[in-house]
Amino acid sequence: MSRGAREDLIAELLPIVRQIARRVARVARGADLDDLAGDGAIGLIRAVDTYDPARGTSLEVYARKLIAGAMLNGLRRLDPVSERVRRTLRRAEERRFALAQERGTLPAFAELEIDDPALRRARAAAYRQAPLSLDAPLPGGGEALADRSLEPSLLAAARAKSARLREAIALLPERQRRILDLHYVAEISLHAIGTRLHVSPQRVSQLHLNALQRLRNTLPPP
């Protein structure tokens with residue numbers, strides 16, 4: 001294809017870029033229309049340069065796919081939360097709704113996190129990276145941005161609480177202590193712990209719940 005023919009094709013299909021950009025902007029709130037159009041134009045150029053009529057599809061259909069893909073990639077680059085974390089959260093949502101269909105009630109994320117430490121980390125990462133809105137109240141009230149973690153009274157209370165927790169864990173049966181260590185320190189799922197300890201996942205879950213109940217009975221309420 002000559003350079004002139006290539007430029008004519010790009011100019012002819014360029015209105016599609018603005019059309020798709022407007023559609024994406026309606027769905028992705030806060031996305032800049034010009035940025036979407038810029039990413040889409042790159043996708044259009046790639047489509048014109050790589051189009052092969054032997055694939056049995058028209059250039060316009062092929063270009064639409066690459067234009068939309070380039071815009072989505074541009075939005076992903078702006079997302080402070082990684083795609084891996086987003087993927088973990090999407091799978092968790094799918095699992096929640098599958099369980100809801102079986103039980104009739106929607107389970108909480110905390111229940112899924114018991115067997116999936118990666119989900120707990122993903123939710124924490126997404127929460128930390130979520131941007132604050134200047135139009136909404138700060139989470140936790142007006143002192144949300146004040147760092148009080150180094151106050152002597154808070155440090156002393158945290159150390160005392162940690163000491164009580166260590167003492168309570170030391171009183172647990174050996175197998176329950178090991179399950180807590182593998183699950184909360186090594187971040188191994190309960191299912192994998194069962195394989196390591198040569199017991200069923202149901203038994204591991206039972207021992208895990210027994211250990212948590214013992215700790216609740218031993219430690220004073222917060």
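**Exercise 1.** With which residue does R18 form a salt bridge, and how far apart are the closest N and O atoms?

*Solution.* The model is predicted: local features need pLDDT of at least 70, side-chain atom pairs count only at pLDDT 80 or more, and totals for chains, interfaces and linings use all residues. Residues are numbered from 1 along each chain as its sequence is written, and side-chain values use heavy atoms, with hydrogens and water left out.

Step 1. A salt bridge requires a side-chain nitrogen of Lys or Arg within 4 Å of a carboxyl oxygen of Asp or Glu. The partner of R18 is D34, with the closest N and O atoms 3.6 Å apart.

Step 2. Helices here are DSSP runs of H or I with at least four residues, strands are runs of E with at least two, and both are numbered from the N terminus.

Step 3. Burial is judged by relative accessible area with a 1.4 Å probe, protein chains only: buried is under 20%, exposed is over 50%, and partly exposed lies in between. R18, at 33%, is partly exposed, while D34, at 53%, is exposed.

**Exercise 2.** Determine where E93 and R96 lie and how each is classed by accessibility.

*Solution.* Step 1. E93 and R96 form a salt bridge whose closest N and O atoms are 3.6 Å apart.

Step 1. Both residues sit in helix α4 (residues 83-103); because they are 3 residues apart, about one helical turn separates them.

Step 2. E93 is partly exposed at 28% relative accessibility, whereas R96 is buried at 12%.

**Exercise 3.** Which parts of the chain does the salt bridge between R121 and E187 link?

*Solution.* Step 1. The side chains of R121 and E187 meet at 2.5 Å, N to O.

Step 1. This pair links distant parts of the chain, 66 residues apart, with R121 in helix α6 (residues 117-129).

Step 2. R121 has a relative accessible area of 39% and is partly exposed; E187, at 35%, is also partly exposed.

**Exercise 4.** Is H208 buried or exposed, and which residues does H208 touch?

*Solution.* Step 1. H208 is located in helix α10 (residues 201-218).

Step 1. Its relative accessibility is 1%, so H208 counts as buried.

Step 2. Contact means heavy atoms within 4.5 Å. Leaving aside residues up to four places away in sequence, H208 touches I114, I179, L180, H183, Y184 and L190.
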